[in-house]
Amino acid sequence: MAIVQNTAKRKLADGGIALGFGVHHLRTTAVPMIAAAADHDFLFIDMEHGAASVQESTQLCIAALPTGIPAIVRVCSGALDEATRLLDNGALGIVVPHVDTAKQAQRIADAFHYPPAGTRSWGGPPPIYGYLPPHVAEAQKAVNDEILTVVMIESPESVENAGDIAAVDGIDVLLIGSFDLTSALGIAGQMGHRKLIEAYEAVGKACAKHGKVLGMGGINGDEDSERYIGMGSRLIITGSDHGYVVAGAMARATFLRGLTVGSASAGKKIAGKKKAGKKKG
């Protein structure tokens, strides 16, 4: 069976933008279809801040494989054992938060790639091949090419070391966690602050120099989004399932609460007058 392609990684490789649909609370197999209907490119399953278990996350990952919406999972910092289990069970990428040094990045790159590119252990026929892989050597090389490895830049130290981190083979994306980074910089939540802009500039330069992708997380305002995408961000975390539900529900509720009770009958009277006017003419 042919390998399932990581369409988001290929889109990034072609110079495009990939949008990630944040998953904190949704658990059903409809999630990747919802992400596709919402014009997103991948699932961003959050096991760092969400409550999904490895079992629940892997079921979403496997359900996503035939949809063309790859599942990328953010694990907790240092949880590389969970990350490799997720990769063995349908995840097409891993996001590791709070990566401050090239040494940490190298350990991550090694853990997520099969030899000779890394040290990942072969766990048997993987779902990325529909459990029918070719010879193990061929399969390992092909799987290595499809996995998206993302490290998060969330501290002044990581910004300072961005060049060394970006130079690590096997790291594909440096994703700026804007909320945590602004907190660490003493400007919590100020997404247009000069310090954050300078951080994006520094990390963007490191990515450009080493052929890596700059990622944007935690940026919700239109003006800020335009700024940081204009500065080269291409892997974009657009928001989360609960954020979308609340925003959509609030917008609809605001509209409905703004209507006047009885306005429908008034509308009928106006329509009736218009019809009468036409007959009279």
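## Nonpolar cores

A nonpolar core is a set of buried Ala, Val, Leu, Ile, Met, Phe, Trp, Tyr and Cys residues joined through side-chain atoms within 4.5 Å, where buried means under 20% relative accessible area, exposed over 50%, and partly exposed in between (1.4 Å probe, protein chains only). This is a predicted model, in which local features need pLDDT of at least 70 and side-chain atom pairs count only at pLDDT 80 or more, while totals for chains, interfaces and linings use all residues. Residues are numbered from 1 along each chain as its sequence is written, and side-chain values use heavy atoms, with hydrogens and water left out.

In the largest such core there are 64 residues, and those with the most contacts inside it are L43, V73, I94, F112, L174 and V203. Helix α10 (residues 194-210) gives the most to this core, with 7 residues; helices (H or I, at least four residues) and strands (E, at least two) are DSSP runs numbered from the N terminus. A second, separate core has 15 residues, including F44, V95, L148 and L235. Beyond its neighbours within four places in sequence, V73 is in contact (heavy atoms within 4.5 Å) with I45, M47, C61, L86, A91, G93, I94 and V95.

## A buried asparagine

Let's turn to N6. This residue sits in the segment before α1 (7-13), and its relative accessible area is 0%, so N6 is buried.

## Salt bridges

Taking a salt bridge as a side-chain nitrogen of Lys or Arg within 4 Å of a carboxyl oxygen of Asp or Glu, the count comes to 12. R74 and D46 form one of them, at 2.6 Å from N to O. This pair links distant parts of the chain, with R74 in strand β3 (residues 71-74) and D46 in strand β2, 28 residues apart. R74 is buried at 10% relative accessibility, and D46 is buried at 1%.

Within helix α11 (residues 222-230), R227 and D224 are 3 residues apart, so about one helical turn separates them. The closest N and O atoms of their salt bridge are 2.6 Å apart. R227 is partly exposed, at 23%, whereas D224 counts as buried at 16% relative accessibility. Elsewhere, salt bridges that share partners join D46, E48 and R74 into one network.

## Backbone geometry worth a look

Most residues other than glycine have a negative phi, and most peptide bonds are trans. Here are some exceptions to look at. The peptide bond from P115 to P116 is cis, with omega near 5 degrees, and P116 is placed in the loop between α5 (102-111) and α6 (136-146).

D39, although not a glycine, has a positive phi of about 60 degrees. D39 lies in the loop between α2 (31-37) and β2 (42-46) and counts as exposed, at 60% relative accessibility. Y131 is also not a glycine, yet has a positive phi of about 65 degrees. Y131 lies in the loop between α5 and α6 and counts as partly exposed at 43% relative accessibility.
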